[in-house]
Amino acid sequence: MALITVSSPHAHGPMSTATVMRLVLLATLPGVFALTYFFGFGTLTNILFAALLALGMEAAILKIRKRPIGFYLNDGSALVTAILLGIALPPASPWWILAVGILFSIVFAKHLYGGMGYNPFNPAMVGYVVLLISFPVQMTSWVAPIGNFDGSVLGPIDALVRTFSASSVDAVTAATPLDVLKQNNSLLIEDLWASNSQFGSLAGVGWEWANVGFLLGGLFLLYKRVFTWHAPISMLIALTLLSAIFYDGGSSASGGSPMFHLFSGATMLGAFFIVTDPVTSAVSNKGRIIYGACIGVLIYLIRVWGNYPDAVAFSVLLMNFAAPLLDHYTQPRTYGHKKKTLQKETD
Amino acid sequence: MRKIFDIHGGVHPPENKVQSLSRGIESAGIPPVLVHPLSQHIGAPATPIVEVGQRVLKGQMIADAKGFVSAPVHASSSGTVSTIEHREIPHPSGLLARCIVIDTDGKDEWIELDPVEDYTALEKADLLHRIRDAGIAGMGGAGFPSAVKLSTRDDVVIDTLIINGTECEPYITADDILMRERADQIIAGVKILQHLIQPTKQTLIGVEDNKPEGIAALRAAAEGSNIEVVVFPTKYPSGGEKQLIQILTGREVPSGGLPADIGVVCQNIGTTVAIHRAVQYGEPLISRITTVTGEACSAPGNFEVLLGTPVDYLLKLGGFQQDQCIRLVMGGPMMGFTLRDTAVPVVKTTNCLLAPTQKELPPPPPAQACIRCGMCAEACPVSLLPQQMYWFARGKEYEKLEEHNLFDCIECGACSYACPSNIPLVQYYRASKAEIRKQQQEKVKSEHAKARFEARQIRIEREEAEKEARRKARQEAAKKKAAAGKDPIKAAQAKAAPAADPAQAAIEKAMAKRSGNAPEETNEEKLARLKKAVETAEKRLESATAKLKEAEAADAPNLGALQTAHERMTEKFAKAKEELQQFEQASTEAPSTGDPAADAIARAQAARAKNADKSPREKAEEQVASLEKRLSKSEQKLAEAKESGSETAEVLEQSTAKLRDKLDAARAELAQLSESEAPVAAAASTNDPAQLAIEKAMAAREAAAKLSPEDKAKKALESLEARVEKTRTKLAEAEESGADTVDVLRDTLAKLEDKLAEARKEAGVEG
Amino acid sequence: MIELLTQHPFIAALASLAILGLAFGSLLGFAAVKFKTEGDPIADQVEALLPQTQCGQCGYPGCRPYAEAIAEGDAINKCPPGGEATINALADLLDVEALPLDAEEESVPSVAFIREDECIGCTKCIQACPVDAIVGAAKHMHTVVASECTGCDLCVEPCPVDCIDMIPLPTTVQNWSWELPKPAEDLIATDRDSNSSNRDEAA
């Protein structure tokens, strides 16, 4: 056998990009299970169609860009984007919503910036925000969770029908807990809780369990060292701190308890699956702490005082802007150096 | 329990150390051929001090260190130097470098060694000298000359001596087996180092916790000494010098600095043993322990191998199966380099030969996109941001790379190992470092070139200015002369006189003769001169003939030239002969007994003949013609210069004017000559010296004819005496003034004296 | 006066504009005098980036004249010894588009070498060398001081007997280095023909 000439190191670790992506997909399972349990098969149809669309569009654009298609599809990044978007969208979203979302995620946010690794913004969140701004009605009509009204959930057939039917309003929908809290301006939190069936023990019915599911998945990824704790934990701490500071015992003007914020909306999904997206976040550990904390602060600000009930997507995109700046100022101290070298440049 | 510090990052690759630890150290034996590269260390290559064909003994120095950072090379067995040539050396480039090749004779005959009984009695410098002469260079992998590393400055206090027994790279067990089997030698070496360095605080041997047997052996050997064996958790790359110092002391070597800057000296365990052997037994570094391992080796193990042993020889001992091996690595899987050829030799830094199968260490898959996951930054032991540096390296943003401390990268490979996208990060950094260094060198070179270029510009300008100044000065001088000299014709004549213009010279000579003040030349003198001329002409002719003959024989290309030269020589010879004959005839015609009249006649005739020969008029005419030609040329040039408005016009104008003057002068002279020629031809007897002399001589002859032979002889004697006297004074004069006529005058004097003696004898006999 | 201005806002506006104009004008004028820069710093900076081979391949007699020409607006892509790296550095400095090199190829770093037994000692190369790197005298053999040679090849052309060679610098163990890896993911469209992309698809 001919001897090959390569630069050291000759050994390679067990981790590969495809492995990372597979682990991420695996980690979404508990959350997806909870969503499906409480909100019916709508989430699964979302994920299925988003995944198919994403693979199709990725292949198409790779073909247009004359890149090796198999090589790039194999890294699983398109699949991860699609599944995260599918989870974030209201269950059983219409097919065209999915198509527009994926188009903006894969084609605009990713490939037009140069493809995997070159995108400054989180593709899934770009798709989500485009949809949220363009189609507010469809984007806020979540199906009611189990235990509401008639106690039934969307079955697989119903979900498919809903996805492909022209009219999307015939299913039972309900305002999300975050929405309810936002609309409230007269009731004490305690009263609000009692008067609305959407609320569960910690946060919203179903929502709290979905968040627990994503938390579990996130802890699994942490254990697997797919990412470091810095960004998600600092984000959760910032959110907890802010909500604790502004939770004045539950007045009508209060922003909700820390528990409510931690287990509502897309908090855990954001913390462990969106904020940790390596491509668009800060690179150093210190940078990631600041990055995560800023996202936590922004989420609370927008949720409580902003126009939108949830704010993970906006916060993440805003902080994506700031990531290069954070990188610049948080370069770690190298072995044998007294100070960070970058100070030299800013002098 | 000692506090162990942690290093940032690090990875945990599979260790794979047990394979090669199943057996103890085995000797690899003597290979038929030893190849000793001259550069097995960091620094200047050694200089060979043996010759091809020379027999060398085991341990004999065959190449000496050149410069401070260098190390000598020794023959590792006895044999004959078969060649000193460029051969492939163990280097990632696979390039060739000079090697001394020895054909071993199998006798393994040692050179006489110089062991030291008690090293504590030695001076530090002497000890260092011994280490240096033993050719010891860091055996952990880098190969930095140990003596250089150990020569710490006197003003630097070293408080900690660290012996590196970490061996953090997977697969390699050379140091492990050394600890197990030769712990006492290690400790002995450490004691020498302690004596040399005099650490004020502590001496530590750092070992990873995956070598329990080695640790136990070391601890047993170190019992009762102040050497502490420190054990810490296994993690790659704890064995890096800077990392080990951090682990054991918590201190960091400043960037760009040396461990000595923070009071630490670090040596590898293998080096320690080599130092022990060099000092205690006087043995130079001629062998080392090398691990041969990998799944393509059926009998992995550790071998004590002579330096210079070809790798294929060693691999055979390890049961190497070439057909299964995908790449052959010298060193470990993290920092080793691939070999292109198995003929390269084992060198001082060869701690391992790794022959993995394809399954074991598969070839790197194509690199995927960097997703900035940060796993590399997590793994980096020096807290760099490899993913950022990767982008900068790809974008060739070298300034940014330096800002991100690229040069603190130790190329340990942890980042590449951890990278999920299989990006060859280390290669990016290596290439970028090399490029930056190259650019720095080029920068220096370009600065240098610029300085030289500018110096040249200045020089050219200065020369230009000097030329201009000289030209101006000349112009001024010419103007002044023109103003001062009222008679330009005379000036021109005076100027032309010394010039080797034969016509002018002839005219002058003739004129001088006519006016009667020509230098006197006696007959004898003339004869001698002519004889000499004939002689030299003959000689020249002879040599020319010889050359011509030679050339003819060899059919040389310069035959034509030689022929003409020969002809010329013949002519000259003939001429000279003729002249001599004429003169001799003249002398014999005129009684050569020293008749002054005859002498004078001959002289006058000769002068006349000369005058007639030269034909001054013709010569003058020729001169006028040539001057005319030159003038027309320079006029043409002047017109051209004027037309193009060149600044040389002025100069040309002046030179043209000068030429015109000269021409006028020459014409005037010509006119004069043609005028004066007529009376000469008419031979006005009153003023022709020749005629006068003839008349005078005739009168003298008549007078002489009247004298008796005795009287004649007497007179001749008298005249001879007078001449001798005259010549004597002349000679004295000439000697005084150092004139070159001295020799001729001496000759003449001698001859005259002979003649005088003869004449006296004659006179005496007759008288 | 004030009344006039209050009565006629148009005049007031004109007056205030004029006053402002004067004020800023004088400020600018002062700044122009006070902070006047000596020399041509741009040309200096450009010169610092040029390789100083003094080869004249750019059409200027040396690096300094070309630097001055660039500062005056000449193209930045005329320096074959500097190659792409120099063009990029110049583009960075001057904030202009990096152009492809205005020559067939980058000149390889090399040194001049005189085949000494063929040299007739005409001194023509000595006069051509911009950095005085050739030693020799009339009718005596000349030789190149390799460490000073910039590889500009200006000496090659004047040689009447063509005894000067430009020898590329050899790669030795000392100056060898790893090359930047070629990224597999970076295969841009122009590098690939349809066949190879099909093959990748199949894979």
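How many bridges join β3(B) to strand β5 of chain B? Hold that question until the tour reaches chain B. The model is predicted.

**Stop 1: the two domains of chain A**

Select residues 14-174 of chain A and colour them as domain 1. Then select 176-329, which the domain assignment gives as domain 2. Taken over C-alpha atoms, the centres of these two domains of chain A are 20 Å apart.

Now show the contacts between them. Domain 1 of chain A puts 33 residues in contact with 29 residues of domain 2 of chain A. The two domains bury about 2700 Å² between them, and 81% of that lies on carbon and sulfur atoms. Pick out A:F121, A:N122 and A:M125. In domain 1 of chain A, these three lose the most area to domain 2 of chain A, together 17% of what that side buries.

What about charge pairs here? Polar contacts number 2 residue pairs between the two domains, both residues at pLDDT 80 or more.

Next, select three helices of chain A: α1 (17-39), α4 (77-88) and α6 (123-134). Each supplies at least two residues of the domain 1 side that touches domain 2 of chain A. The largest share of that side comes from α1(A), with 13 residues. By class, the side of domain 1 that touches domain 2 of chain A has 27 nonpolar, 6 polar and no charged residues.

**Stop 2: where chain A meets chain B**

Show chains A and B together. How many residues of chain A are in contact with chain B? There are 44, and they touch 64 residues of chain B. The area buried between chain A and chain B is about 4700 Å². Carbon and sulfur atoms give 55% of this area.

Zoom in on A:R333 and B:E252. Their side chains meet in a salt bridge, 2.7 Å from N to O. The count between chain A and chain B is 2 salt bridges. Across the interface of chain A and chain B there are also 30 residue pairs in polar contact, both residues at pLDDT 80 or more.

Select α1, α15 (285-305) and α17 (342-346) of chain A. These are the elements that give two or more residues to the side of chain A that touches chain B. That side of chain A divides into 20 nonpolar, 18 polar and 6 charged residues.

**Stop 3: the sheets of chain B**

Switch to cartoon view for chain B. One open sheet has 4 strands in the order β2-β8-β7-β4, with antiparallel pairing. Its edge strands are β2 (33-37) and β4 (55-56) of chain B, and each pairs on one side only.

Select residues 79-88 and 96-104 of chain B, which are strands β7 and β8. The two run antiparallel and are joined by 9 bridges.

Move to the open sheet of 3 strands in chain B. Its order is β3-β5-β6, again with antiparallel pairing. Which strands stand at its edges? They are β3 (47-48) and β6 (73-74) of chain B. Each has a single partner strand, so one side of each is left without a neighbour in the sheet.

Here is the reply to the opening question. β3(B) is joined to strand β5 (residues 61-64) of chain B by 2 bridges, and the two strands run antiparallel. B:D64, in β5(B), is the bridge partner of B:T47.

**Stop 4: backbone details**

Most residues other than glycine have a negative phi, and most peptide bonds are trans.

- Select A:S8 and A:P9. A cis peptide bond joins them, with omega about 0°. A:P9 lies in the segment before α1 of chain A.
- Select B:Y236 and B:P237. The peptide bond from B:Y236 to B:P237 is cis, with omega near 0°. B:P237 sits in the loop between β11 (227-232) and α6 (241-249) of chain B.
- Select B:D108. Its phi is near 55°, a positive value in a residue other than glycine. B:D108 is in the loop between β8 and α1 (124-133) of chain B.

**Stop 5: chain C**

Finish on chain C. Colour it as domain 1 (8-35), domain 2 (41-94) and domain 3 (110-168). The C-alpha centres of domain 1 and domain 2 of chain C lie 41 Å apart.

Terms used. Residues are numbered from 1 along each chain as its sequence is written. Chains are lettered from A and ligands numbered from 1 in the order in which they are written. This is a predicted model: local features need pLDDT of at least 70, side-chain atom pairs count only at pLDDT 80 or more; totals for chains, interfaces and linings use all residues. Side-chain values use heavy atoms; hydrogens and water are left out. Domain bounds come from an automatic or database domain assignment. Contact means heavy atoms within 4.5 Å. Buried area is the accessible area (1.4 Å probe) that two parts lose on being put together, summed over both. A polar contact is a pair of N or O atoms within 3.5 Å; within protein, one must be able to donate a hydrogen and the other to accept it, and residues adjacent in sequence count only if both atoms are side-chain atoms. Ala, Val, Leu, Ile, Met, Phe, Trp, Tyr, Cys and Pro count as nonpolar, Asp, Glu, Lys and Arg as charged, and the others, Gly among them, as polar. Two strands pair if DSSP finds at least two bridges between them. A salt bridge is a side-chain nitrogen of Lys or Arg within 4 Å of a carboxyl oxygen of Asp or Glu.
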